[in-house]
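Let's take a friendly walk through this protein together. Have the sequence and the 3D view ready.

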Amino acid sequence: MIQLMQKMNGKSEVTYEKAALFFDIDGTILSEKTKEIPKSAIEALLAAQKKGHLLFINTGRTMCSIPAQLKQFMFDGYLCGCGTYLTYHDEVLSQEILTKNGEEEILNKNGGMQLDGIAEERKIFIFQRGLPG
């Protein structure tokens, strides 16, 4: 977070002139009923931006599963994949990546226990069927 705050103000010390506001997707930014961004949410986001605050999506989802309509709104960044991927504007500030061997080991153990699994990456999902039928 300190790294993000330093990027925001260009200084080595943290200041609080701007706030970094983090929003979940389902039931917060997107209506659970309509799956759209309510007008009231858009108005509130724009008002916060006008005051100089930075807006981030904070979600357990990976970037590839963020709805396109959210990517059209001018968020300042994304904290995705349960904290494993952080962007500020178009710059990746932090990302945690499994090695290919680590990914294969997890999927093999998952399959060996006959469990279905999903491996999520920044751009793709890998679905693994562990149970017969």
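Which pattern does the protein follow, read along the sequence? The order is α-β-α-β-α-β-β-β-α-β-β, with 4 helices and 7 strands in the protein. Here helices (H or I, at least four residues) and strands (E, at least two) are DSSP runs, numbered from the N terminus.

A word on where this comes from: this is a predicted model, in which local features need pLDDT of at least 70 and side-chain atom pairs count only at pLDDT 80 or more, while totals for chains, interfaces and linings use all residues. Residues are numbered from 1 along each chain as its sequence is written, and side-chain values use heavy atoms, leaving out hydrogens and water.

Now find helix α2, residues 39–50.

Which residues of α2 are buried? They are Ala41, Leu45 and Ala48, where buried means under 20% relative accessible area, exposed over 50% and partly exposed in between (1.4 Å probe, protein chains only). Looking down the axis of α2, the buried residues fall within an arc of 60° (taken from the directions from the helix axis to the C-beta atoms), so they line one face of the helix. They pack against β1 (20–23) and β2 (54–58). On the other side of α2, Lys39, Ser40 and Lys50 are exposed. Just after α2 comes Gly52, with a positive phi of about 95°.

Stepping back to the whole protein, 32% of its 133 residues count as buried.

How values were computed: The expected span of a helix is 1.5 Å times one less than its number of residues. Contact means heavy atoms within 4.5 Å.
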